[in-house]
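Here is a short tour to follow with the structure open beside you.

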Amino acid sequence: MNRDEFYMKQALGLARRGGDRVRPNPKVGAVLVKGGKVVAAGYHSRYGGPHAEARVLSRAGSRARGATLYVTLEPCSTFGKTPPCTAAILAHGVRRVVVGAVDANPRHRGRGLNLLRRSGVEVVTGVCREECSLLNRDFSVWIAQERPYGMLKLALSLDGKIATKTGNSKWISSAASRRIVHRLRSSADAVMVGIGTVDADDPSLSARMGYANPGLKKVVIDPGARLSPRARLFARSAGVVVAVGSGAPAARVKRLEKAGAVVVVLPGTGSELDLRMLGKYLFREKIVRLLVEGGGITAARCLEQGLLDEVHFFFAPILVGGRGAVSSLAGTGAATIADAVSVSRLELSRPGGDIYVRGLLEPGKRRKG
């Protein structure tokens, strides 16, 4: 590990402290070094608060002149809720800036780096690039693709079933696995299911079992606007969004709006709704992380329309069998193995005897034999 990597690792550790409090902003850490010593260090701690670079430079004051600034993400160059960090870097006389990842925002990407270079600051990029990029993978998807970062959760048997032929699914996964799901809900901005899941389970979709997320929004894919205003997910909700088809009966839509739901009308009917338009709406509502907990149809539609980025599968050590049992992924599926979506960076654990598999989706990436 060289000197630049050493200090960037410190900045990464600081950036992680920002957690969910900074959304929809990215997590950023910064370390200012002069004469081989850390002058100041800090991180972006909350949305609307000072950026990491601004906090560090403010603490350093005149000691920043001639120093090297290590920052996990390209410094911003435009006014937002706070002034641009590039202006602060130049005003404090920083000599060298080392950056982990460039800004994923197409409108800003590289702009801050170019501004600093034109002003005579030495700029080094790509130090610990992979780690810095993974730190804000959710933000990068949200800002670059203008849709939420999609996380798919499924509890299934070893033979890939999420319910028996009678529709029974409680409980496939263990209590320890369900606790992890509530942790996932606590880290998300919204949770999404299909109307079939609501009909079968009438879930509250809240974060429990030691976790809480009072701001969690509930999203229901309901082509025919069949959702009952008395569904449990309306109780103590931070907001309910119902995605309906263009042919949904007006009376049902009005009933949902009266119950307090925001109804989003999408092109298409039945299971063929254009969920990408729903993604655009959720992007505008600053929903960065979306946890998809729907059944096989909802999961398949999200996968087919390119709305998933991460999977959380909880395999129970059971076999359900039967042609009538509910499969984990419906839809048309891949025509060939080469068309299948690759999953990378797999992590496995055994909560409560289950097999918990977590990984990142890599659309378009071919699996190596």
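Leu-303, Leu-329 and Val-341 together make a nonpolar surface patch of about 190 Å². Please keep in mind that this is a predicted model.

Take a closer look at Val-341, one of the patch residues. You will find Val-341 in the loop between β14 (326-327) and β15 (342-349). With a relative accessible area of 33%, Val-341 is partly exposed, because that class covers values between 20% and 50%.

## The sheet

Now let us turn to the strands. In what order do the 9 strands of the open sheet come? The order is β11-β10-β9-β8-β12-β6-β13-β16-β15, and the pairing is mixed. The edges belong to β11 (262-266) and β15; each has a single partner strand, so one side of each is left without a neighbour in the sheet. On average, neighbouring strands of this sheet are turned by 20 degrees against each other, direction ignored.

Strands of a sheet pair through backbone hydrogen bonds, and they can do so in parallel or antiparallel fashion. For β15 and strand β16 (residues 355-362), the arrangement is antiparallel, with 6 bridges joining the two.

## A helix across the strands

Which strands does helix α11 (residues 296-304) lie across? They are β6 (149-157), β8 (190-194), β12 (289-292) and β16. Relative to β8, helix α11 runs at about 115 degrees.

## Lys-218, a lysine in a strand

Lys-218 sits in strand β9 (residues 217-221). Is this lysine, Lys-218, buried or exposed? Lys-218 has a relative accessible area of 3%, so it is buried, the cut-off for that class being under 20%.

Not counting residues up to four places away in sequence, Lys-218 touches Val-191, Ser-204, Leu-205, Leu-233, Ala-235, Ser-237, Gly-239, Val-240 and Val-241. Ser-206 is 12 residues from Lys-218 in sequence, and their C-alpha atoms are 8.6 Å apart in space.

## Ser-45, a serine in a loop

Our last stop is Ser-45, in the loop between β2 (37-43) and α2 (52-60). Ser-45 counts as buried because its relative accessibility is 18%, and buried means under 20%.

What does Ser-45 contact, leaving aside its neighbours within four places in sequence? Its contacts are Gly-18, Arg-21, Val-22 and Arg-55.

Methods. Residues numbered from 1 in each chain as written. Predicted model: local features only at pLDDT ≥ 70, side-chain atom pairs only at ≥ 80, totals over all residues. Heavy atoms only, no water. Helix = DSSP H or I, 4+ residues; strand = E, 2+ residues; numbered from the N terminus. Buried < 20%, exposed > 50% of the residue type's maximum accessible area, 1.4 Å probe, protein only. Contact = heavy atoms within 4.5 Å. Patch = residues over 30% accessible without salt bridge, like charges linked within 9 Å, V, L, I, M, F, W, Y side chains within 5 Å. Areas by Shrake-Rupley, 256 points an atom, 1.4 Å probe, with all protein chains shown as cover. Salt bridge = Lys/Arg side-chain N within 4 Å of Asp/Glu carboxyl O. Pairing = 2+ DSSP bridges. Axes fitted to C-alpha atoms, helices over the stretch in contact; angles between N-to-C directions.
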